[in-house]
Amino acid sequence: MRCLSIRQPWAWLIVHGHKPIENRDWSTSWRGELLIHAGKVFDAAALDGIRDFFPEVHRQLPQQYELGGIVGVATLVDCVTQSQSPWFMGPYGLVLQDARPIAFRPWRGQLSFFDVPLDDALRAELGRPSAAEAEAAGQARMFS
């Protein structure tokens, strides 16, 4: 499954439904569900901006953040060069929907999109059948 690494506190804001757009300096035509990875580097300067421009969100932020692992899932539905969202700073905005946190799992991040294999525990958390369940369902369809 595709994954995107994002610095904290931005990753937290996305998976908790506060920030529906992720700013990038590159475009993509890819769409679909992706994992959200929290990088190991914390963007401390971001907290000042959040406090100034989004005081209602700032009060909800945790004292500590999970770093260096997968923290959530979202669906990438568009890549835009303009947006009315106060979170958009461009030049490109990855428009995200249906974001939600999942149990933290340590993982090494990478630049751009990167692939993370789905094990049965991650499949279950995402609401997908395990590999064995998917194969059994496929076999049942073939022979019924």
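Biologist: If a disulfide is a pair of cysteine sulfur atoms within 2.5 Å, how many does a search of the whole structure find?

Modeller: This is a predicted model, and a search of the whole of it finds zero disulfides. The sulfur of Cys79 has its closest cysteine sulfur in Cys3, 17 Å away, which is too far for a bond.

Biologist: And is Cys3 buried or exposed?

Modeller: Cys3 counts as buried, with a relative accessibility of 0%, and Cys79 is also buried, at 15%.

Biologist: Switching to the nonpolar core, how many residues does the largest one have?

Modeller: The largest nonpolar core has 29 residues, and those with the most contacts inside it are Ile6, Trp10, Leu13, Leu34, Ile36 and Ile50. At least two residues each come from strand S1 (2-8), helix H1 (10-15), S3, helix H2 (44-53), S4 and S5.

Biologist: Which of those gives the most to this core?

Modeller: That is H1, which contributes six residues.

Biologist: What does Ile36 touch?

Modeller: Leaving aside residues up to four places away in sequence, Ile36 is in contact with a list that includes Cys3, Leu4 and Ile6, then Ala11, Ile14 and Val15, and also Ile70, Val71 and Val73.

Biologist: Now the charges: how many salt bridges does the structure hold?

Modeller: There are six salt bridges in the structure. In one of them, Glu22 pairs with Lys19, with the closest N and O atoms 2.9 Å apart, and a network of salt bridges links Lys19, Glu22 and Arg24.

Biologist: Is Lys19 buried or exposed?

Modeller: Lys19 counts as buried, at 4% relative accessibility, and Glu22 is buried as well, with a relative accessible area of 7%.

Biologist: Where do Arg31 and Asp78 sit in the chain?

Modeller: Their side chains meet in a salt bridge, at 3.4 Å from N to O. This pair links distant parts of the chain, since Arg31 is in the loop between strand S2 (21-24) and strand S3 (32-42), while Asp78 is in strand S4 (residues 69-80), 47 residues apart. Arg31 is partly exposed, at 34% relative accessibility, and Asp78 is partly exposed, at 33%.

Biologist: What does Asp119 form with Arg105?

Modeller: Asp119 and Arg105 form a salt bridge whose closest N and O atoms are 3.0 Å apart. Asp119 lies in the loop between strand S6 (113-115) and helix H4 (120-125), and Arg105 lies in strand S5 (residues 92-106), so the pair ties together parts that are 14 residues apart in sequence. Asp119 is partly exposed, with a relative accessible area of 35%, whereas Arg105 is buried, at 18%.

Biologist: Last topic, the backbone. Is the peptide bond from Gln8 to Pro9 cis or trans?

Modeller: The bond from Gln8 to Pro9 is cis, with omega near 10°, and Pro9 lies in the loop between S1 and H1. Another cis peptide bond joins Gly90 and Pro91, with omega about 5°, and Pro91 is in the loop between S4 and S5. As background, most peptide bonds are trans, and most residues other than glycine have a negative phi.

Biologist: Is the phi of Asp98 positive or negative?

Modeller: Asp98 has a positive phi of about 55°, although it is not a glycine. Asp98 is found in strand S5 and is exposed, with a relative accessible area of 62%. Ser112, also a residue other than glycine, has a positive phi near 60°; Ser112 is in the loop between S5 and S6 and counts as partly exposed, at 34% relative accessibility.

How values were computed. Residues are numbered from 1 along each chain as its sequence is written. This is a predicted model: local features need pLDDT of at least 70, side-chain atom pairs count only at pLDDT 80 or more; totals for chains, interfaces and linings use all residues. Side-chain values use heavy atoms; hydrogens and water are left out. A salt bridge is a side-chain nitrogen of Lys or Arg within 4 Å of a carboxyl oxygen of Asp or Glu. Buried means under 20% relative accessible area, exposed over 50%, partly exposed in between (1.4 Å probe, protein chains only). Helices (H or I, at least four residues) and strands (E, at least two) are DSSP runs, numbered from the N terminus. A nonpolar core is a set of buried Ala, Val, Leu, Ile, Met, Phe, Trp, Tyr and Cys residues joined through side-chain atoms within 4.5 Å. Contact means heavy atoms within 4.5 Å. A disulfide is a pair of cysteine sulfur atoms within 2.5 Å.
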